[in-house]
Amino acid sequence: MIFAINGSNSEWSINKKLLKSVIKHSEVNANLLEIESLDIPIYSIQRQQKHGFPQEILELNESLNNASGFIISTPEHNGFFTAFFKNLIDWLSRLDRKVFRDKFVVILSTSPGKMGGKTAAISLSTLVNRMGGRVISVHSLPSFKENYDESTGEILNGEFLSEVKHAVKQMELDIKTEKSKELELVV
Ligand SMILES: Cc1cc2nc3c(=O)[nH]c(=O)nc-3n(C[C@H](O)[C@H](O)[C@H](O)COP(=O)(O)O)c2cc1C
């Protein structure tokens, strides 16, 4: 199962809207992780030693074993992905450095600005590759308000949509190819 992850903890996250719309348009069977309500303390080695891992982190780490690939959408906070998402990755990395389990990853971003959070998406792709993900591509939807119809939940930017649909289809193919190679090795 492909996991869709939103790097925002905002209740009204535009990146969550983007993810939902992308999942619908690409007709991909994806599980949207509901992590925005996680209220995890900022990682510190002393906290880990004194209190251990938060239960939600242990559960999230366990569930990542079921991912066949990832679609991650990130907001941009002052030129980077969010402290919220970095904190989750810091905790998870203490349980398994391969947070993204050697799986393929498509990275998205959006913001109300003209760059659509591109800088954050690029810096996130560096981190994801470092933490055991294999980033296929990065796509940023600029000027969210103008490129998204709130009443229908549709993305209005055709070029963005076709690029992302293509990337998701490619990821599904890559996952299938890899699975059949693994089966050949077993037989
Ligand atoms: C602390 C903070 C910093 C921000 N910095 C940027 C930025 O560097 N670039 C940008 O395009 N938008 C920036 N924004 C605006 C966000 O793009 C906007 O809040 C967006 O809705 C965040 O995505 P989300 O709704 O999915 O959380 C910033 C917002 C906050 C709260």
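This is a predicted model: local features need pLDDT of at least 70, side-chain atom pairs count only at pLDDT 80 or more; totals for chains, interfaces and linings use all residues.
Helix α1, residues 14-26, and helix α7, residues 158-186, have axes that come within 10 Å and cross at roughly 70°. Because angles of 65 to 115 degrees count as roughly perpendicular, α1 is described as roughly perpendicular to α7. The crossing of these two helices is right-handed.

Which residues make this contact? From α1, Val 22, His 25 and Ser 26 take part, and they meet Leu 161, Val 164, Lys 165, Val 168 and Lys 169 of α7. By class, the residues of this contact comprise four nonpolar, two polar and two charged.

I turn now to the sheet. Five strands form an open sheet with parallel pairing, and their order is β2-β1-β3-β4-β5. At the edges stand β2, residues 30-32, and β5, residues 134-141, each of which pairs on one side only. On average, neighbouring strands in this sheet are turned by 20° against each other, direction ignored.

Strand β4, residues 104-110, pairs with β5 in the parallel sense over seven bridges. Within this region, Val 106 stands opposite Ser 137 of β5.

Finally, the ligand. How many residues surround the ligand? There are 15, and the closest are Ser 8, Asn 15, Pro 75, Ser 111 and Gly 113. Sorted by class, the shell around the ligand contains 10 polar residues, four nonpolar residues and one charged residue.

Terms used. Residues are numbered from 1 along each chain as its sequence is written. A residue is near a molecule or strand if its C-beta atom, placed from the backbone, lies within 6 Å of it. Ala, Val, Leu, Ile, Met, Phe, Trp, Tyr, Cys and Pro count as nonpolar, Asp, Glu, Lys and Arg as charged, and the others, Gly among them, as polar. Axes are lines fitted to C-alpha atoms, for helices over the stretch in contact, and angles run from 0 to 180 degrees between N-to-C directions. Helices (H or I, at least four residues) and strands (E, at least two) are DSSP runs, numbered from the N terminus. Angles under 35 degrees count as roughly parallel, over 145 as roughly antiparallel, 65 to 115 as roughly perpendicular and the rest as oblique. A crossing is left-handed if the near helix is turned anticlockwise from the far one by less than a right angle, and right-handed if clockwise. Two residues are in contact if their C-beta atoms, placed from the backbone, lie within 7 Å. Two strands pair if DSSP finds at least two bridges between them.
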